[in-house]
Amino acid sequence: MQFRKGYWTIVILMLLAGRGVHALVNGMDSPAHKAACDKNGTVTAVRGESWLAHLNRPFSETSMGKTGHLGPGPEEKPTLGPAANWFLVSSQGATLHGADLYRLNCQGCHGESGQGAPPEINSVINPVRATSVALVMERMKTSGMEISHADAVKLAQQANAALLQRLRQGGKNMPPFPHLNDPEIRSLMVYLQQLAGVPGAGGQQVAVSESQVRIGEHIVKSTCHTCHSAAGADPDPKQLEDGAIPPLSVLTARKSQPEFIRKVTHGAPILMGAPAMLYRGRMPVFYYLSEQEAADVYLYLTLYPPSESNDTHTLIAVLQQGRPNGGGSPLQRPGSDSSASSGPLAGPEPDNSVSLRSFVLLSGIGAFVVLLLAGGLGFTMREFQRLAMKTKGHQVMVRNPNTEPGVTRPVGAIGASSRAMSLGIAKRQSH
Ligand code: HEC
Ligand code: HEC
């Protein structure tokens, strides 16, 4: 009876311990956490001054980032946006297609159609059409020059390489996109070909699945960072009137999540001047971003605070790349310096979630082992007591089939009780 009780106590302890570890590890797997911690560990904070500041281009003299329309003025009643108590924190992320990647990364400057705003922002259409062998041959034919298929292939390949290089290194006035990984670029290229009407590109959309913060990262690094610098002082209403644009690092403190989502997706007036009054904002409305995507931006900015200086994340990445991250271009987007020389993509950065996870797992296992040892010790002590008590009374005997008939051996003969047991054998044999 006692043995059973001890056994069950241990089984229950083991189950409890196991459950504890399981719950802890599972907590790390909850949708919110998964969405927050990018699976591939490639999400990094946005850094450096805005693209406009980098180009030294006044806000009023550019079309970049301005494909949206202006938001409501102070006299207009607020357009519908998320309710004040509306809260969108966790989604499982989303499956994006090339069209979405274009929307999040390119539409802010090139517009929905890809035409851009010439002469400042060139159209994407012709450079993309130049990557198609069929279109290259057709164009040559109409201009009266016959070229061989092999030559057309060569030209198309060159155009393709130029386009890829543009995405990784940027152009004269176009920012680089080092945060785009290979599958994303493939997916985007297929969409660009569809947009440009390349024959044979239709239909085959390539999907990539993205975490919530990764979606936020796309939008911030490609779209918001055009006008908003990563870090800096929080402007007061007077400075806003004088043209200051609040840095990305203060946006989540200036705005609640619903206010933020409303400003981005529907527009909202802003307090400016001294005395401060409500004015129509100068920021375009990003009508083509969903409220969930604006929430993804808020989450990304919260979990990966924008900074001017090297944060640990970037430091580790730099150490891994084995070379200094000297202040080259003022636009220090994470990885932007690496993309140029170290091949298509910056190396994966350490994933905090993984180390946290293994820490929890290890301490869970540690606790479990200690518990097992304690339980085992208690169990052994009990068994000692039990055996000592039992030997005073009857003996549990079994017949050993390998020895002569009639010879029996005690079960679990240990220590102090063995003498009593052999006595028991002697007694039995004398019968
Ligand atoms: C911040 C604004 C901005 C964003 C965002 C942007 N571009 Fe551009 N893009 C420009 C400007 C400015 C030019 C023309 C000047 C230059 O070449 O730098 C340009 C030119 C181009 C061209 C034409 C090159 C040529 O030979 O005429 C292509 C193709 C292009 N961009 C593709 C893209 C793609 C794809 C994306 C999204 C991943 C993108 N751009 C995002 C600003 C932007
Ligand atoms: C074309 C330039 C431009 C781009 C691109 C841009 N913003 Fe803005 N943003 C501004 C300006 C200018 C202000 C100052 C308020 C105003 O005039 O609307 C502002 C203000 C804001 C505010 C409100 C701050 C406050 O306290 O009222 C938020 C939030 C914001 N931006 C978020 C974003 C996000 C998120 C993105 C990317 C999706 C983005 N912005 C892209 C120009 C831009």
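Modeller: Let me begin with a caution: pLDDT stays under 50 over residues 390–431, although the model still has 31 contacts beyond four places in sequence for that stretch. Please keep in mind throughout that this is a predicted model.

Biologist: What does the pLDDT average over the protein chain, and what share of the residues score at least 70?

Modeller: The average for the protein chain is a pLDDT of 74, and 58% of the residues score at least 70. Residues 10–35 are another stretch with pLDDT below 50, and beyond near neighbours in sequence that stretch has 31 contacts in the model.

Biologist: OK, overall layout then. How many helices and strands does the protein chain have?

Modeller: There are 18 helices and 6 strands in the protein chain. Of its 431 residues, 30% are buried, and if you take the contacts between residues at least 6 apart in sequence, 74% of them join residues at least 24 apart.

Biologist: Which residues have the most contacts inside the largest nonpolar core?

Modeller: That core has 53 residues, and the ones with the most contacts inside it are L192, V220, A294 and V297. Several helices supply at least two residues each, including α3 (51–55), α7 (133–142), α9 (182–195) and α14 (291–303). Once neighbours within four places in sequence are set aside, L192 is in contact with V124 and V128.

Biologist: And α10, how many of its residues are buried?

Modeller: In α10, 11 of its 11 residues are buried, so described as mostly covered by the cut-off of 20 or more other C-beta atoms within 10 Å. The buried set includes V220 as well as R214, E217 and K221.

Biologist: What do the buried residues of α4 pack against?

Modeller: They pack against β1 (94–96), α5, α9 and α10. The helix α4 is mostly covered, with 7 of its 8 residues buried, and among them are D100, L101, Y102 and R103.

Biologist: Switching to the ligands, which residues come nearest to ligand 1?

Modeller: Of the 24 residues around ligand 1, the nearest are C106, C109, N122, G171 and M174. The elements giving two or more residues to that shell are α5 (107–110) and α8 (149–169), and the shell divides into 13 nonpolar, 8 polar and 3 charged residues.

Biologist: And which come nearest to ligand 2?

Modeller: Around ligand 2 there are 25 residues, of which G65, C224, C227, G281 and M283 come nearest. Here α12 (248–254) and α13 (257–265) are the elements that give two or more residues, with the largest share, 3 residues, coming from α13. By type, this shell has 14 nonpolar, 6 polar and 5 charged residues.

Biologist: What about N56, buried or exposed?

Modeller: N56 counts as exposed because it has 7 C-beta neighbours inside 10 Å. It is not a glycine, yet N56 has a positive phi of about 60°, and its place is in the loop between α3 and β1.

Methods. Residues numbered from 1 in each chain as written. Chains lettered and ligands numbered in written order. Predicted model: local features only at pLDDT ≥ 70, side-chain atom pairs only at ≥ 80, totals over all residues. Near = placed C-beta within 6 Å. Helix = DSSP H or I, 4+ residues; strand = E, 2+ residues; numbered from the N terminus. Nonpolar A, V, L, I, M, F, W, Y, C, P; charged D, E, K, R; others polar. Core = buried A, V, L, I, M, F, W, Y, C linked by C-beta atoms within 7 Å. Buried ≥ 20, exposed ≤ 12 C-beta atoms within 10 Å, placed from the backbone. Contact = placed C-beta atoms within 7 Å. pLDDT = per-residue confidence, 0-100.
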